[in-house]
Amino acid sequence: ARRRAAVCLVAGTLPVFLTGLGQLWFGWTGPWNFLGGLIVWFISPGGQPVGRLSGLFDYANIAGAWLALVWPFSLALFLQSSLSRFQRSVAFVFSVFIAMAAALTDSRNAWGGLFLSLPFVIGPMRWHWLLPFLSCLLLPVFFASFSFIPFNIQSFSRSFVPESIWTRLSDINYSDSRILASTRLSQWQMAIKIIFERPLLGWGAAAF
């Protein structure tokens, strides 16, 4: 039952691919209504914000959250030993499309979700090579992105890390007084604060 539910989640991502790539490449626009308005897809031409894949969610960060959620299921399906060659090929294509779509959302949370879930899905038995491999990939990005890194190391890292990545992750657009804003730590602090203020009933959906 869990496997069937995972397959449904992964298969349900197909409309996200289609609407997301359609809005970026072909300028598709919504809203699209189904079942007499029961289902509404708000699709913005060029993405929302512009240039970022948002698909039927109409906002890139929400699309990125969905893609980061289904990515572990897609990867787990691909790694199953019982799959036929055709099934494994389909699972591989879905995994590639999910990773590609998550990258196109330009969402830092989605990017983090792609990497953070890998050790848990692949399992501790492979950590002896996986963790060093991920460290080799992520350390240059870390060095290129944050201002407290020594200049020589940062310049060297930025020479081969794509600018679209390190500028998105860096605090270059923030003053020293707002240096935490680029890491979203200030939002986490506020979230924890309001949780403690009303831990049982919360503040309702409008608090978002």
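**Legends to the close-up views**

**View 1. Charged side chains of the protein.** The protein carries 14 positive and 6 negative side chains. The centres of these two sets are 17 Å apart. The model shown is predicted.

**View 2. Order of the secondary structure elements.** Ten helices and two strands form the secondary structure of the protein. Read from the N terminus, the order of elements is α-α-β-β-α-α-α-α-α-α-α-α.

**View 3. Extent and surface of the protein.** Along the principal axes, the C-alpha atoms occupy a box of roughly 55 × 45 × 45 Å.

**View 4. Burial and contacts in the chain.** Of the 208 residues in the protein, 32% are buried. Among contacts with a separation of 6 or more, 48% are between residues 24 or more positions apart.

**View 5. Serine 157 in helix 8.** Helix 8 spans residues 151-158 and includes serine 157. The relative accessibility of serine 157 is 2%, so this residue counts as buried; the cut-off for buried is under 20%.

**View 6. Contacts of serine 157.** Leaving aside residues up to four places away in sequence, serine 157 touches Pro140, Phe143 and Ala144. Serine 157 itself belongs to helix 8.

Key:
Residues numbered from 1 in each chain as written. Predicted model: local features only at pLDDT ≥ 70, side-chain atom pairs only at ≥ 80, totals over all residues. Heavy atoms only, no water. Helix = DSSP H or I, 4+ residues; strand = E, 2+ residues; numbered from the N terminus. Buried < 20%, exposed > 50% of the residue type's maximum accessible area, 1.4 Å probe, protein only. Contact = heavy atoms within 4.5 Å. Lys, Arg positive; Asp, Glu negative; His and termini not counted. Charge placed at Lys NZ, Arg CZ, Asp CG, Glu CD.
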